[in-house]
Amino acid sequence: TWNGAAAILGNNKLTEALKTRLQAEGLTVHLLPNTGDVDASVAALNAAWNQGPVLHLFVTTARDDASAIASVDGWEERRKVGAMVPFFVCQRWTQLVQEAKTVKSATLVGITALGGDFGFCGRVHGSEGGGITGLFKGIRREMPDLLVKVIDAPFEEAPATLVDAVFRELAAKQGPLEVGWVRGQRSIVKAVPQPASTQRQGGKTPHGN
């Protein structure tokens, strides 16, 4: 059951697939511009909210084209788009949701491209996905009544398959914040206690010259 409108921050194939699916569900969908200008993106969110509560925010920026980060200048620009703008948009959105007292009806979803296992195997497309995950963990801790999800998948995952995964996670309304999807297979990340090793580690300690 959906209440209010939805907003998507990101510019990629998943953005379009997600928009189409949400509109098919009857939602008004606002695509927030993201050129790296924080003020412009936040102003667009405010304008969308003025048309009616935007209770569902999807951040897909970590799945944008990452070719620009091959250079230092490219990374500086990409950092604004992939990290800074999402931070300030989420900050403003959580303020609006809290002021409207609609936290329990709202959803916040980030979709990353860290390989489907949050980078453990090193198949990382967009490194800013790590920042998005950390940001969403912080929001979840501060707003425990808000439904927050971070869904990670390989960059080549089909948008339609990934949209299905997003909807499945939201339908459950519970479960872990971090969920990985690879070719339709779901996995989760969690800490598992292990006994400390009693074996002394060998090898020499490196020293600088």
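Is Trp49 buried or exposed? At 14% relative accessibility, Trp49 counts as buried, where buried means under 20% relative accessible area, exposed over 50%, and partly exposed in between, with a 1.4 Å probe and protein chains only.

Before I go on, a word on the model. It is predicted, so local features need pLDDT of at least 70 and side-chain atom pairs count only at pLDDT 80 or more, while totals for chains, interfaces and linings use all residues. Residues are numbered from 1 along each chain as its sequence is written, and side-chain values use heavy atoms, with hydrogens and water left out.

Back to the tryptophan. Trp49 sits in helix α2; helices (H or I, at least four residues) and strands (E, at least two) are DSSP runs, numbered from the N terminus. Leaving aside neighbours within four places in sequence, Trp49 is in contact with Val54, Leu55, Trp93, Leu96, Val97, Ala100 and Thr102. Contact here means heavy atoms within 4.5 Å.

Thr102 counts as buried, at 18% relative accessibility. Outside four places in sequence, its contacts are Trp49, Leu55 and Val97. Val103 is in the loop between α3 and β4 (107-112), and at 16% relative accessibility Val103 counts as buried. With the same exclusion of neighbours within four places, Val103 touches Val97, Gln98, Met143, Asp145 and Leu146. Val103 and Pro144 are 41 residues apart in sequence, and their C-alpha atoms are 9.3 Å apart in space.

Lys101 also has its place in the loop between α3 and β4, but Lys101 counts as exposed, at 74% relative accessibility. Its phi is near 55°, a positive value in a residue other than glycine. A positive phi turns up again at Arg183, near 50°. Arg183 lies in the loop between β6 (178-182) and β7 (185-188), and at 69% relative accessibility Arg183 counts as exposed.

Now the interior. In soluble globular proteins, nonpolar side chains tend to be buried together. A nonpolar core is a set of buried Ala, Val, Leu, Ile, Met, Phe, Trp, Tyr and Cys residues joined through side-chain atoms within 4.5 Å. The largest one has 32 residues, and Leu57, Val89, Cys90, Trp93, Leu108, Phe136 and Leu146 touch the most other members. Two or more residues each come from β1 (5-9), α2 (38-50), β3 (54-59), α3 (72-99), α4 (128-142) and β5 (147-152). The largest share, six residues, comes from α3. Apart from this core lies another, of 21 residues, among them Ala6, Ile8, Leu22 and Trp181.

Last, a helix pair. Helix α1 (residues 13-24) and helix α5 (residues 159-172) pack at an angle of about 55°, with their axes 9 Å apart. Axes are lines fitted to C-alpha atoms, for helices over the stretch in contact, and angles run from 0 to 180 degrees between N-to-C directions. That makes α1 oblique to α5: under 35 degrees counts as roughly parallel, over 145 as roughly antiparallel, 65 to 115 as roughly perpendicular, and the rest as oblique. On the α1 side, the contact includes Leu14, Leu18 and Leu22, and on the α5 side it includes Leu162, Val163 and Phe167.
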